[in-house]
Amino acid sequence: MPYDFAEAHHLPNRRLPEQAHADPYDLPRQRRGVTPQMHGRYPDYDVLEQADHWDEVTRRVVLERVGSVPEIRFFAMEEVETLTAFADIVLAQDSEPRIPVLAYVDQKLFNGERDGYRYFDMPDDDETWRRVARGLDEEARRRGHDRFALLPVDRQLEVCHGFATGKLHKGAWDTLNVSRAWSVVMRYLLQSFYSHPWAWNEIGFGGPAYPRGYSRFGSPHLQSAERETWEGKEAFEIDPVEDTQQRGLE
Amino acid sequence: MRLPKSIVKGSVLMPKDNDSPFLLDMHKRGLQNLDRMARYPLSAPVDLVVVGAGAGGVTLAQRLARAGWRVVILEKGPFWDPDRDWVSDEKGAAGIYWTDPRIISGNDPIEMGKNNSGVGVGGSMTHFAGYVPRFHPSDFEVRTRDGVGVDWPISYWDLKDSFERVELELPVAGQDWPWGDPHSYPHGPHPVAGAASVAWQGALGCGIEMRVGPVAITNGVFGRRPHCIYRGFCLQGCKVNAKASPLITHLPDAIEYGVEVRADCMATRVEVDESSGRCTGVTYVDGDNIERFQPADAVAVCGYAIETPRLLLNSQSRRFPHGLANGSDQVGRYVMVQGATQIAARFPYELRMYKAPPPEISSEQFYETDQSRGFARGFSIQTVGPLPIDWAQHVLADGHWGQAMREYMRDYNHWTLLGLLCEFLPLPENRVTLASETDRYGMPVANFSYSLCENDRRNVEYGTNVIEEIWESAGAQDTLKIDRYAHLVGGCRMGFTPEDSVVDSSHRAWECPNLFVCDGSVFPTEGAANPALVIMALADRLAGLLKTKRVSAPPAARKKEPASLRR
């Protein structure tokens with residue numbers, strides 16, 4: 001089926017209630033660079049190809065993020081297993097390549113970096129993470145499995161839905177404000193995921209733009225004028241099957 | 001011949017008593033005159049110790065240094081060199097926000113950190129979006145006009161000259177401004193990017209006028225500050241030196257006139273003489289973790305709405321058992337944030353909102369009270385342009401995660417945002433107190449409690465509907481909403497009597513004659529405008545009141561030639 005991103009009916013708020021999520025594997029396969037799970041809307045765009053245009057300080061920070069995944073120093077092995085499974089569900093990373101988000105979360109917690117506030121009814125962020133890991137495993141046991149990571153995906157989704165809507169109780173959850181715990185862990189995960197250049201490829205973000213800046217941010221009515229020559233083109237109306245055949249790729 | 005101001009735009013118009021734009025380097029962003037910075041000994045009092053190198057502190061120091069005062073600024077954070085320390089990356093910018101522990105409480109706890117708190121030389125303005133609207137004349141008399149909040153002990157007209165002076169120094173770019181006291185700006189308006197032009201069309205369609213600006217971003221070369229390059233990372237610190245912060249707009253000049261900035265120095269107490277009740281200087285912990293004391297004839301606390309009350313509350317003595325200048329239990333009270341709900345809208349074509357400065361166009365059409373709306377005071381509407389991490393928080397706030405989150409994120413380039421800035425009312429229980437836990441300096445951390453009142457909620461609700469209408473008229477295909485808050489003011493408000501305020505109309509503490517507070521914490525009410533310009537204007541006015549009133553005898557005259565001639 002060809003894509004038409006001019007229309008909005010692929011968006012969750014616009015879908016009919018009975019309609020299932022659009023399958024992201026129907027999206028174009030990434031042809032340049034990497035995206036998480038290799039699908040995205042800008043198949044020929046790799047932001048890392050622009051690294052030569054970034055200032056050196058920024059380049060070092062961003063390339064290190066991609067090139068050297070920090071080793072786990074804060075979480076225990078069991079917590080890593082549980083929280084990795086949780087992160088895969090809430091970020092929909094269901095196949096390789098995955099952005100190793102938990103490694104960045106671990107690094108931040110290990111270094112004692114915080115975001116500058118703590119709710120009066122919450123423990124410190126590091127303790128919140130540990131209790132969430134405990135709570136997720138308790139939910140798994142209530143469903144007849146030892147660990148969250150061993151639950152079937154639909155049960156994992158069900159637990160995450162309860163977490164997102166603040167509806168988990170007993171055990172570790174009673175020691176937390178569940179809605180706030182959700183916002184804490186999601187803040188860490190989203191920061192780790194969307195600071196990664198693979199995610200920028202998926203969404204067509206221009207990435208660091210210093211010292212080059214932008215010169216084309218003009219009117220939406222001049223379609224070709226709004227994009228820099230190096231920015232990715234959105235895959236409008238390309239059928240992936242026809243496309244790969246035409247290009248003789250398969 | 002005097003040319004009309006409207007045609008003398010851009011670099012022709014330069015500030016008279018501030019050489020900062022000429023003291024920078026076109027190709028390096030850090031300050032170039034640090035080797036000439038004064039060093040004052042700890043053994044003798046200086047004329048003034050300023051706590052906090054932000055909008056209030058640096059502006060005040062620069063003015064007073066020009067009047068011959070010997071000034072030391074204590075700054076908790078680093079002395080930034082944008083080339084070396086700042087990155088063009090959302091996550092990598094974490095270091096420029098105040099991330100030391102703070103507790104948030106109340107019915108509507110306010111998230112801190114990158115949202116509203118800066119650290120390091122330049123203060124929060126290093127990462128503010130760049131909007132610098134003036135307050136309206138009505139903002140200074142809301143009690144008289146609307147029967148809510150309190151009146152300021154000064155009027156708009158006391159600040160008008162200061163607004164004009166500071167606007168020239170930043171410099172401010174924008175269209176002629178029709179709201180409040182109509183005025184024009186030294187730099188012309190920036191071009192409007194695609195994302196903002198959609199909002200403009202939508203607003204016009206439902207009878208709402210918007211204007212380009214006002215932003216403290218160069219639109220043209222300004223001394224040795226380059227033109228904006230529209231890279232969209234205003235909130236991560238401007239690596240171009242195009243967006244104003246006191247680090248580049250006032251500090252270079254201040255250093256030429258003998259201001260010393262001690263970075264990495266956390267003020268922990270303002271000390272007082274128990275018999276006279278005057279303050280004697282400031283105790284601080286330096287970068288080597290050694291406690292020091294800088295004696296001074298006067299102290300100006302400029303640490304913003306959380307840290308200023310925290311420092312005063314922590315400065316307890318026999319004479320001031322509840323904290324310095326807190327005899328009437330006013331320190332830390334009446335802190336205000338602004339309702340900053342944002343609504344994102346989806347369009348069929350790519351808009352790429354990460355380009356161009358996030359602050360682009362704004363409207364103050366709903367700024368003043370309109371009885372028919374059912375609440376007092378009003379709000380502004382402004383564009384914002386979140387980068388991916390912020391955008392993800394937006395999607396999360398609308399209740400999406402997993403595949404739905406990824407779907408909205410992939411749609412990033414089709415979206416644009418409008419945000420509200422709703423004036424909230426000052427309430428005594430919205431306050432900063434000291435918590436029982438301490439930070440790495442051994443100082444009790446701040447507990448900041450916030451709860452909205454009915455008027456606040458109605459304001460946000462009404463404003464949200466207005467933005468929804470704008471997007472509907474623009475033809476948006478989908479919208480996402482995030483309820484959030486921005487800015488921090490109040491906490492040490494200025495007023496008419498010692499019973500209902502901390503400082504008088506000249507920023508002087510009622511209970512301590514040589515203690516001044518000069519930052520956003522003195523605001524009695526907050527308007528529906530971003531606070532940066534007002535804070536700088538207040539500092540400019542205070543310097544005008546103080547400059548001939550130095551406590552000690554002037555030092556031997558130091559010959560200073562204008563720095564711009566020296567090179």
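How many residues does helix 13 of chain B have, and how far does it reach from its first C-alpha to its last? The views below start there, in a predicted model.

**View 1. Helix 13 of chain B, from residue 532 to residue 546.** This helix has 15 residues and spans 21 Å between its first and last C-alpha atoms, close to the 21 Å expected at 1.5 Å a residue. Look around it and you will find the rest of the structure: 13 of its 15 residues are buried, so helix 13 of chain B is largely enclosed.

**View 2. The contact between chain B and chain A.** Here 70 residues of chain B meet 81 residues of chain A. Together the two chains bury about 6000 Å², with 57% of that area on carbon and sulfur atoms.

**View 3. Salt bridges and polar contacts across the interface of chain B and chain A.** The count of salt bridges between the chains is 10. One salt bridge joins the side chains of Arg65(A) and Asp89(B), at 2.5 Å from N to O.

**View 4. The side of chain B that touches chain A.** Elements giving two or more residues to this side include helix 3 (82–85), helix 6 (194–205) and strand 17 (479–482) of chain B. Helix 11 of chain B provides the largest share, eight residues. By type, the residues of this side are 32 nonpolar, 16 polar and 22 charged.

Terms used: Residues are numbered from 1 along each chain as its sequence is written. Chains are lettered from A and ligands numbered from 1 in the order in which they are written. This is a predicted model: local features need pLDDT of at least 70, side-chain atom pairs count only at pLDDT 80 or more; totals for chains, interfaces and linings use all residues. Side-chain values use heavy atoms; hydrogens and water are left out. Helices (H or I, at least four residues) and strands (E, at least two) are DSSP runs, numbered from the N terminus. The expected span of a helix is 1.5 Å times one less than its number of residues. Buried means under 20% relative accessible area, exposed over 50%, partly exposed in between (1.4 Å probe, protein chains only). Contact means heavy atoms within 4.5 Å. Buried area is the accessible area (1.4 Å probe) that two parts lose on being put together, summed over both. A salt bridge is a side-chain nitrogen of Lys or Arg within 4 Å of a carboxyl oxygen of Asp or Glu. A polar contact is a pair of N or O atoms within 3.5 Å; within protein, one must be able to donate a hydrogen and the other to accept it, and residues adjacent in sequence count only if both atoms are side-chain atoms. Ala, Val, Leu, Ile, Met, Phe, Trp, Tyr, Cys and Pro count as nonpolar, Asp, Glu, Lys and Arg as charged, and the others, Gly among them, as polar.
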